[in-house]
Amino acid sequence: MQQGWGIESHNGSWEPIKFGRYYVRMTAGQKQYLKIRGILERLMAVLALVLLSPLFLVVSIAQKMSAPDEPVFFKQKRVGKDAHCFNIVKFRTMKSSAPKNVATGDLESPERYISKLGRFLRDTSIDELPQLINVARGEMGLIGPRPLVYTERQIRFLRRWYGIYQVKPGITGWAQVNGRDTVDVYDKVFYDREYVQKVGLLFDIKIILKSVAVVLGHHGIVDGKIDPQIRRESIVLLRESELLTHVQNDEEEEVV
């Protein structure tokens, strides 16, 4: 009997569906590491929220002064571990007139929706800090693949195919420090899969250090659709693989 992205085995336990040679099979050691890290992350998130409360207050006041009728926080349905959805929490950077449940990278002209304060929050990544609430709840980790908007169907399929939903999404991740917004869908999945393969303490430390450099250097921040020329050096590993065929077949079946 199938259940979610898994299947019930003969002994009654639930196991993830294996999608062939592309599916990443994590080791027992990696799974144990993620369990321990998850506990520490939740404790760290609670502590960080307490320490950052003055900054949260300042941003909240600034939000209300600049746009009294707009809410301080932005909530959106995202896809998390085991493909279960949750509501991500961020500081609002766009006007309420912005299209709902649409990834920023899919907007034609996002600048008309982003407020002046929102531009500052985005450029400094301060808008991401409320996601510590999601970490404290256990819905996200500090490190992991960025949580997708549930309408991003193509990359969601590829993540399922690769087994990326085995791990929690994160505030920062391997794809984030390797191009961020300038990385296309296929390359993001390439980096996400590489992260799941290499999950471990040393790799996480590497991602954290690179994340600091990316944030301080304001690297890879692009809102809206990207000029194809920016991505001319794309890895294109998945674009020419049989995975794209599976995506197209999957979409055709849904239409039928």
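**Reading the sheet, helices and cavity**

Tutor: Let us begin with a sheet: three strands form an open sheet in the order β5-β4-β7, and the pairing is antiparallel. The strands at its edges, β5 (85–91) and β7 (148–149), each pair on one side only. Please bear in mind throughout that this is a predicted model.

Student: What holds the strands of a sheet together, in general?

Tutor: Strands of a sheet pair through backbone hydrogen bonds, and the pairing is either parallel or antiparallel. In the present case, β4 (residues 73–79) runs antiparallel to β5 and is joined to it by seven bridges.

Student: Which residue in β5 does V79 stand opposite?

Tutor: V79 stands opposite C85.

Student: How should I set these strands within the chain as a whole?

Tutor: One starts from the inventory of secondary structure, which comes to eight helices and eight strands. The chain has 256 residues, of which 43% are buried. One then turns to sequence separation: of the contacts between residues at least 6 apart in sequence, 70% join residues at least 24 apart.

Student: How does one judge the span of a helix, taking α1 as the case?

Tutor: The general idea is to compare the distance between the end C-alpha atoms with an expected value. Helix α1 (residues 28–51) has 24 residues and reaches 35 Å from its first C-alpha to its last, close to the 34 Å expected at 1.5 Å a residue.

Student: Which residues of α1 are buried, and what do they pack against?

Tutor: The buried residues are Q30, Y33, L34, R37, G38, E41 and A45. Their packing partners are α4 (131–137), β6 (141–143), α6 (185–198) and α7 (201–217).

Student: Let us take a residue in α6, namely E194. Why is E194 classed as buried?

Tutor: The class follows from a cut-off of 20% relative accessible area, under which a residue counts as buried. E194 is buried because its relative accessible area is 16%. Leaving aside residues up to four places away in sequence, E194 touches W174 and F203.

Student: How many cavities of 30 Å³ or more does a search of the whole structure find?

Tutor: The search finds one. About 40 Å³ of space lies in the largest cavity.

Notes
Residues are numbered from 1 along each chain as its sequence is written. This is a predicted model: local features need pLDDT of at least 70, side-chain atom pairs count only at pLDDT 80 or more; totals for chains, interfaces and linings use all residues. Side-chain values use heavy atoms; hydrogens and water are left out. On a 1 Å grid over the protein atoms alone, a cavity is a set of points where a 1.4 Å probe fits but cannot get out, and a pocket is an open set with protein on both sides within 12 Å along at least five of seven lines; lining residues have an atom within 4 Å of a point. Grid points are joined across faces, edges and corners, and a volume is the space filled by probe spheres set on the points. Two strands pair if DSSP finds at least two bridges between them. Helices (H or I, at least four residues) and strands (E, at least two) are DSSP runs, numbered from the N terminus. The expected span of a helix is 1.5 Å times one less than its number of residues. Buried means under 20% relative accessible area, exposed over 50%, partly exposed in between (1.4 Å probe, protein chains only). Contact means heavy atoms within 4.5 Å.
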